[in-house]
Amino acid sequence: MTSALPLAEALAAGTVVLDGGMSNQLESAGHDLSDELWSARLLAERPEAITEAHLAYFEAGADVAITSSYQATFEGFAKRGIGRERAAELLALSVELAREAARRARAGGVARPLWVAASVGPYGAMLADGSEYRGRYGLSVAELERFHRPRLEVLAGARPDVLALETVPDADEAAALLRAVRGLGVPAWLSYSVAGERTRAGQPLEDAFALAADADDVIAVGVNCCAPQDVEGAVATAARVTGKPVVVYPNSGEAWNAEARAWDGRSSFAAEQVRGWREAGARLIGGCCRVGPEAIGAVARALAGVR
């Protein structure tokens, strides 16, 4: 564990600040991520850059670092000629790099508890074709569980504080992930990518969140990688349906163009919004794509008086 205080206990006591987008922080440092492995490519090529990105968020005010393993899968690495043994090493390395950033943050004077969340992206992230924003891959729950379980086992073996089952577009994939995390001995949060009051695959959020209501391994449920305006209603639904702390970390408000592999539009993310999210039930609050350290610092300051 990164902190002596379990994350579940911290959530019971107050609000915890998540980090922001890993890819935009790496790109701002000059790294080219125009690759199917996205930021996961740097696990093999520039691991120090990942540690520095995590450190920037800790120094800005984040309490939780989400690892660079979102797009890291055995299948994705295999496409690049990386075998299973080396792929497993890189998955475990993603956790250690975040831990190293926490150590450096403490050495630099950060005294608050810090945690590491091991990112587990959806099946569509491995495909790198934008299907993570629509789900419905044509696979059964059992097939999706078989895909997710091996890397979940490796990540759990690296002993993060929590597994971040994130950007899940489809309730079927959520069911597979919830089955795959059973018995791993590491708590998890489940976070959907949504559009309005439905998952990206079109299921009502009430039904999607209900899947996690009785899952003992799940310490928080919520949404990420969505527009800021979709957050507050989703938070209220997640809190009502599950009774669990709610996790929220939306995008900047810009839209991802999968064909151009670029972001369109303007940012609508504002730190002033986070108090409303907290009042609706959110306890893990941060940002996703295009939300950088400056914005996370503003979130931490906005929550400072109510945490």
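The model is predicted, and its open sheet has 8 strands in the order β1-β12-β9-β8-β5-β4-β3-β2, with parallel pairing. At the edges are β1 (16-17) and β2 (64-66), each of which pairs on one side only. Within the sheet, strand β5 (residues 188-192) runs parallel to strand β8 (residues 218-224), and 5 bridges join the two. On the β8 side, V223 is the bridge partner of Y192. Helix α8 (residues 141-157) packs on this sheet, where it touches β3 (115-120) and β4 (162-168). The direction of α8 makes about 165 degrees with that of β3.

## Nonpolar cores

Which residues have the most contacts inside the largest nonpolar core? They are L152, L163, L165, Y192 and V248, in a core of 78 residues. Helix α6 (residues 84-107) supplies the largest share of this core, 9 residues.

Leaving out residues up to four places away in sequence, Y192 touches V168, D170, A171, A174, T199, A208, F209, L211, G222, V223 and N224.

## Cysteines

How many disulfides does the model have? The count comes to 0, with a cut-off of 2.5 Å between cysteine sulfur atoms. For C288, the closest cysteine sulfur is that of C225 at 4.1 Å, which is too far for a bond. C289 is in no disulfide either, and its nearest cysteine sulfur, in C225, is 4.1 Å away.

C288 counts as buried because its relative accessibility is 11%, under the 20% limit. C289 counts as buried at 6% relative accessibility.

## Chain as a whole

The protein chain has 13 helices and 12 strands. Its radius of gyration is 17 Å, close to the 19 Å that the globule rule gives for 307 residues, so the chain is as compact as a globular protein of that length. Along the principal axes, the C-alpha atoms fill a box of roughly 50 × 45 × 40 Å. Of the 307 residues, 59% count as buried. Among contacts between residues at least 6 apart in sequence, 77% join residues at least 24 apart.

## Selected buried positions

| Residue | Relative accessibility |
|---|---|
| T51 | 2% |
| V274 | 0% |
| C288 | 11% |
| C289 | 6% |

T51 lies in helix α4 (residues 47-60). Apart from its neighbours within four places in sequence, T51 is in contact with L97, E100, A101 and R104.

V274 is placed in helix α12 (residues 274-280). Not counting residues up to four places away in sequence, V274 touches I285, V299, A302 and L303. V274 and V248 are 26 residues apart along the chain, and their C-alpha atoms are separated by 9.3 Å.

How values were computed
Residues numbered from 1 in each chain as written. Predicted model: local features only at pLDDT ≥ 70, side-chain atom pairs only at ≥ 80, totals over all residues. Heavy atoms only, no water. Pairing = 2+ DSSP bridges. Helix = DSSP H or I, 4+ residues; strand = E, 2+ residues; numbered from the N terminus. Contact = heavy atoms within 4.5 Å. Axes fitted to C-alpha atoms, helices over the stretch in contact; angles between N-to-C directions. Core = buried A, V, L, I, M, F, W, Y, C linked by side-chain atoms within 4.5 Å. Buried < 20%, exposed > 50% of the residue type's maximum accessible area, 1.4 Å probe, protein only. Rg over C-alpha atoms; globule rule 2.2 N^0.38 Å.
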